[in-house]
Amino acid sequence: MSSTTTTPETKTVLVIGATGKQGRAFIRSLLFPSAASTPSSPTTTTFPRSQAENWRILALTRDASAPPAQALLEEAKQHNATSKITLVEACLNTPSTLRTVFESHPNIYSVFVVLAYPGLGTPSTAQKEKAQGTLIADLAVEFGVNILVYSSAIPIGPDPSHGIDESRKQKREVEYYIEDLGKKNPGLKWIVIRPGFFYENLEGMFGAIGATMYRDGLKKETTLPMVASGDLGRVVAGLLQNPEPYFNQFLCVTSGPMTMREVLEAHKRATGKPMPAAPGFVGWILLKINKGAQDLVKEAEINHANRMSGKLPTFEEEVERAKSVCELQTYEQWKRALASGEGGGDEMSRRVSTSSWNNLSLMKLLTGRS
């Protein structure tokens, strides 16, 4: 592992989920802001940009020797910043290993938490999220963390029971726990971010399948709140650089809701080509036999209906709160920059594996085994 030497002026951030697209985007935005910028997402924002040398990252991973973890160090090396990132190992299902991280690295200023998505239709695995999230929150209080930033999900409805996907329900439970913990422990300041559907999820072979599923499964008027993972990283970096206005607040991070028709038209304008799509029968099969795919479409419909009927009354306020941190790219802006080769940022986040999407394999998708 690499090592980090801190000074009294240095603020240390523990990133849980450091090798995922959200964690990587945040690290890049905080430590290498020029690398995270694109022509359509300038580094000029509404928050004061702190000097990168004032920040250090503890990047938590289960295996520091794994390629995703080593890729973090390689990128830091490319920016002459290897001293800014330390890889730390822990398993979130083994509390003692996470406690060791806190004990070994006192004076952690902030924790950014992104819990791994367990996959569609995996309720038994998703139920671990609440235990993981509450453990992290309790340790943050015990070890005097100043700011806890938790990445959740945009609610389906005003009550957790309105969700279908178990992971989304668990995230709401963690939100409630953190909010209550903050009331009991005023020294802990928390911020909950609720990302929209990531643009990157429409890239690659599995992105084409997902686009076909939503195109054929959603009503024409149904909208999906969407965002670039790079923009989410910029939002979290901005929050830590100017946190006070956002303490104990929820932020829905989306450039805005879009219908699938609007997405397809934006793709065509940005690239001059239609969005790649799977054959229509693939979408039909998914929506007929795959419960995970069915649940995604159902939740999108319910969320849209609740937003339109005013049953999520704080949604627009939370969207504007996120946009007050920094500019967010539209899908067309993001796709145009990507198509022109000026997308910048995280190539790994834009690549969608040819063997999995949301922890599904092609065989699982087509046989209905989520």
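**Cores and rings: a guided look**

Biologist: Which residues touch the most other members of the largest nonpolar core?

Modeller: In general, nonpolar side chains tend to be buried together in soluble globular proteins. A nonpolar core here is a set of buried Ala, Val, Leu, Ile, Met, Phe, Trp, Tyr and Cys residues joined through side-chain atoms within 4.5 Å, and buried means under 20% relative accessible area with a 1.4 Å probe, protein chains only. The largest core has 41 residues, and F26, I27, I57, I85 and F112 touch the most other members. Helix 8 (residues 229–241) gives the largest share, six residues; helices are DSSP runs of H or I, at least four residues, numbered from the N terminus. A second, separate core of 29 residues includes F102, I136, L181 and W190.

Modeller: One caution: this is a predicted model, where local features need pLDDT of at least 70 and side-chain atom pairs count only at pLDDT 80 or more, while totals for chains, interfaces and linings use all residues. Residues are numbered from 1 along each chain as its sequence is written, and side-chain values use heavy atoms, leaving out hydrogens and water.

Biologist: How do I read the pair Y199 and Y331?

Modeller: A pair of aromatic rings is described by the distance of the centres and the angle of the planes. Rings of Phe, Tyr and Trp (its six-membered ring) pair if their centres lie within 6.5 Å; planes under 30 degrees apart are stacked, over 60 edge-to-face, the rest tilted. For Y199 and Y331, the centres are 5.2 Å apart and the planes at 75 degrees, so the pair is edge-to-face. Y199 and Y331 lie 132 residues apart, and together with W334 they form one aromatic cluster.

Key:
Buried means under 20% relative accessible area, exposed over 50%, partly exposed in between (1.4 Å probe, protein chains only). Helices (H or I, at least four residues) and strands (E, at least two) are DSSP runs, numbered from the N terminus.
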